[in-house]
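Dear colleague,

Please find the structure below, handed over for your attention. My findings follow directly after it.

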Amino acid sequence: MTRVGLVCSEPLGERAAGIGIRYLEMARRLPGFGFEIALVSPWRSGEPPDVPAGSVEARRFDSAPLPELLRDCDAAVAQGQLANDVLHQVPDLPTVIDLYDPFLVENLTHLSTLGLDPYRNDHRSWIHQLSRGDFFLCSSPEQRAYYLGFLTALGRVNPHRYRDDPCLSGLIAEAPLGVPDPLPEHRPLLPPRAGGERRVLFGGLYDWYDPEPLLAAFAALPDPDARLLFVRQPPGAQAPQRLLAEVEARSRREDPPRIGFLDWVPFERRYDLLRDVDALAACHRPGLETDLSLRTRFLDALAAGCPVLTTEGGTVPRLLREWDAGLVVPCGDVEALRAGLAELVGGGAKVEERARRGRERVLLDYSWERTLVPLVAFLSSPRVDPTKAGFAFRPETAAPADEPGFRLRRWVRTRLAGSLPSGRS
C-alpha cells in the first residue's frame, strides 16, 4: 500500500485555520482511496490532530529530522515553507507542491508592516518549489493559469513535457478545498437570538479584505436588530491584522454597538456558526490577490445553505453568477452593498432559492471525493518528473533594501520590545 507524507506548515489542532483544515481533511479522506498517511505538522503542544487511528499516523515536525519522518513514504504532499525542507532534505522523494494558498501574493499586502523580507523569502521559496516539485495543486482555473506562467518561466513547461502531456494535467491540476456531504449534525454555537435579531457574518478580517464599504452599507440599514460579526485570529497566529484592530476600535465608539467580535471558532464547529447566522457577507479590493482567491468561507457557507453576498473578483463571484446562487456587487459600491444586505436580512423565497441552488451545486462540484481526484491519480503512481533535471532552473531573487523610514520604525519597535518588563510583549 502506498504511504503518503502530508507535510503541513500550519499548526494543527482545534484552532486549525484554512491550510490546517485542508490537511486534516486530506488525512481523513485519502485512506478511503487506499493510501496510508503520515501527517507531519508542528501542531501545538497538547493539541494532537484528530485523525483516524490505524490508517493515519500523526508525526510532530520537530520530533525527528524530516528524512526520518518521511523515511517510509512513497510520496509527499507539502505546503508552505516546509515544502522547501522536503525538496532540500529528501530530494529523491516524488513530491506534490500544494499551491492552494498563494502566500507570496497575500503577503504583498504587508509591505508597510513587515517590509521586504517576506517577499524575498516567499519569492525564493516559490522559485525553489516550482522548479523542483513533481506535481502541483492549485484551487481554480484562475490560479492554474497564473502558476502555469510561473512554471513556464522556470522551464517546467518544456518541449518534452508538452510532447507527453499537452494539456499539462500531469504537471498542475485544480484540487480546491472540498466540503463534506452530509454536513455534521447542527449543534448551536451562538447564544439564542434576542428578539428579532438578524446576524450577518463577515468572518476573519485579513488586510487584503475591504470592510469599509460594507461597514458603511451596514450602518445605513434601517433594521436596528441587525448585527455584523467578525472573527478574531486563533491564539498564536502571526498574520498582521491592522484592519481588524481598526474595526474593533471603531465599534467601541458606537452606541449601541451593532458590530460584534467572536473568538476563533474551532474548525469542527464552522458549519454550526454558519447555520447560526442569517447571511455571510465579505468584500475585498480589486487586485491580484482577489483575482487568485478562492474564498473558502463562501464554499462552506453555500454547503450550509447560508445566503451570501460578496464583491466582484476571483473564483467565488464567478461561480455565484454562473449558479445564480448569491449576490455579487461592484467593489466599493456602498449602495449596492446596502441593498444586498437589506435583501439578505429581510429573507424570503428568492433568498432561500438562491441558497438552495448554491448548496446543491457546491455539494456536487466541490465534494471531497471530487476535489481529490487529481491528487489521488498522481499518488496512485507517484514519480519524479523526468523533464525537470534537463530544463528547470532557479534564477536569483532580487529586491532593494527596505526604505530608511521602515528600517528606523523596525529598530524602534525592536528596542521598545526589548525594554518591556519581563512577562509583557
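Contact here means heavy atoms within 4.5 Å. The model is predicted, and the notes below should be read with that in mind.

**Aspartate 385**

With that cut-off, aspartate 385 touches Asp134, Arg156, Arg161 and Leu171, leaving aside residues up to four places away in sequence. Aspartate 385 lies in the loop between helix 18 (373-380) and helix 19 (388-391). Is this residue, aspartate 385, buried or exposed? Its relative accessible area is 3%, so aspartate 385 is buried, the limit for that term being under 20%.

**Nonpolar cores**

The largest nonpolar core has 94 residues, of which Leu6, Leu30, Phe230, Leu341, Leu375 and Leu379 touch the most other members. Helix 1 (residues 18-29) gives the most to this core, namely six residues. Another core, of 34 residues, lies apart from the largest one and has Ala83, Val90, Ile97 and Val105 among its members.

Not counting residues up to four places away in sequence, leucine 6 touches Tyr23, Met26, Ala27, Leu30, Ile37, Ala38, Leu39, Val40 and Val77.

**Two helix pairs**

Two packed helices are described by the angle between their axes and the distance between the axes. Both values are given for each pair below.

How do helix 3 and helix 6 cross, and at roughly what angle? The axes of helix 3 (residues 81-89) and helix 6 (residues 117-132) come within 10 Å, and they cross at roughly 45°. Helix 3 and helix 6 are therefore oblique to each other. The crossing of helix 3 past helix 6 is left-handed. On the side of helix 3, the contact is made by Gln81, Ala83, Asn84, Leu87 and His88, and on the side of helix 6 by Asn121, Asp122, Ser125, His128, Gln129 and Arg132. Sorted by class, this contact of helix 3 with helix 6 has two nonpolar, seven polar and two charged residues.

For helix 9 (residues 211-219) and helix 10 (residues 242-252), the axes come within 11 Å and cross at roughly 20°. Angles under 35 degrees count as roughly parallel, and helix 9 and helix 10 are therefore roughly parallel to each other. Helix 9 passes helix 10 in a right-handed crossing. From helix 9, Pro211, Glu212, Leu215 and Ala216 meet Leu243, Val247 and Arg250 of helix 10. By class, the contact of helix 9 with helix 10 has five nonpolar, no polar and two charged residues.

With kind regards

Conventions
Residues numbered from 1 in each chain as written. Predicted model: local features only at pLDDT ≥ 70, side-chain atom pairs only at ≥ 80, totals over all residues. Heavy atoms only, no water. Axes fitted to C-alpha atoms, helices over the stretch in contact; angles between N-to-C directions. Helix = DSSP H or I, 4+ residues; strand = E, 2+ residues; numbered from the N terminus. Parallel < 35°, antiparallel > 145°, perpendicular 65-115°, else oblique. Left-handed = near helix turned anticlockwise from the far one by under 90°. Nonpolar A, V, L, I, M, F, W, Y, C, P; charged D, E, K, R; others polar. Buried < 20%, exposed > 50% of the residue type's maximum accessible area, 1.4 Å probe, protein only. Core = buried A, V, L, I, M, F, W, Y, C linked by side-chain atoms within 4.5 Å.
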